Amino acid sequence: MLPHKSNKSPQWALSPEQVWDLELATCPGVPMPQDALNALMVWSLLGGIGRRSRRMFGAVEIKPHSGESVDWYKTPESPDDFITNVNTLMTQIVNYPTHPTILNFPTLNLKHAWIVVGKTLYGDYEDVVKELFRGLLRIDAFRVKEDTFGGIRPRRSSPLIAQVRRVGKDGYFPVLTAMRSKPDNTIDWIHLKKFMHAAESYFNGVTVWGGW
């Protein structure tokens, strides 16, 4: 759970490369809403499942069945392929107008979301986690306002979702998604902006979506 510390605190979890089924169901006779499928696809690219899913754990990948094709999906062989998948999907599904003010819930609105994909490849997922913490989150420049990245009192989930994605069998790279929302009295959005710029440079990354 904490590979950046000497005490790694192992926990039971799904095994790496474990395959499992996720079933979506509606009421009898009701077709599956396309918005639900779109949300599932975004989750598979940017999010995770289980504990510490905002801190690079619980990454999932949804693949088409053999013989099926999805117009936006290409099995990523490089971070650039992953970037293409994100770009294609996002431009297809995020078609609402940009809202000028920060809303009471996180969205992928172009003005209030920010997706950075790092192009530096690492040989192990733990190496990416260590770099996130030791190289960025735990340095003095960002610890000074650490509540910006989530807090306990009051409880506030981090506006930053950090994930590790894999290409091939031995290439791992970071994907960082930030989403602004209220209440934000403990969050310094300028501080988060500095972090996203720093992460983009640190991981040799690119902004794929949004920014502020």
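How exposed is Asp188, in terms of relative accessible area? Asp188 is partly exposed, with a relative accessible area of 22%, on a scale where buried means under 20%, exposed means over 50%, and partly exposed lies in between (1.4 Å probe, protein chains only). Before we go on, please keep in mind that this is a predicted model, in which local features need pLDDT of at least 70 and side-chain atom pairs count only at pLDDT 80 or more, while totals for chains, interfaces and linings use all residues. Residues are numbered from 1 along each chain as its sequence is written, and side-chain values use heavy atoms, with hydrogens and water left out.

Let us stay with Asp188 and look at its partner. Asp188 forms a salt bridge with Lys145, with 2.6 Å between the closest N and O atoms; the term stands for a side-chain nitrogen of Lys or Arg within 4 Å of a carboxyl oxygen of Asp or Glu. Asp188 sits in the loop between strand E3 (171-179) and helix H5 (189-202), and Lys145 in the loop between helix H4 (140-143) and E2, so this pair ties together parts that are 43 residues apart in sequence. The helices (H or I, at least four residues) and strands (E, at least two) are DSSP runs, numbered from the N terminus. Lys145 is also partly exposed, at 39%.

The structure holds four salt bridges. Another of them joins Arg166 to Glu17, whose closest N and O atoms are 3.4 Å apart. Arg166 belongs to strand E2 (residues 160-167) and Glu17 to the segment before H1, so the contact links parts that are 149 residues apart in sequence. Arg166 is partly exposed at 35% relative accessible area, whereas Glu17, at 67%, counts as exposed.

Now turn to Lys119 and Asp80, whose side chains meet in a salt bridge (2.9 Å, N to O). Because Lys119 lies in the loop between strand E1 (113-118) and helix H3 (125-137) and Asp80 in helix H2 (residues 79-93), the pair ties together parts that are 39 residues apart in sequence. Lys119 is partly exposed at 32%, and Asp80 is partly exposed at 41%.

Finally, back to the segment before helix H1 (34-46), where Leu14 lies. Leu14 is partly exposed, with 46% relative accessibility. Together with Trp20, Leu22, Leu24, Leu37 and Ile49, Leu14 makes a nonpolar surface patch of about 500 Å². Patches are built from residues with over 30% relative accessible area and no salt bridge, with like charges joined within 9 Å and nonpolar side chains (Val, Leu, Ile, Met, Phe, Trp, Tyr) within 5 Å. Accessible areas come from the Shrake-Rupley method with a 1.4 Å probe, and for residues only the protein chains shown count as cover.
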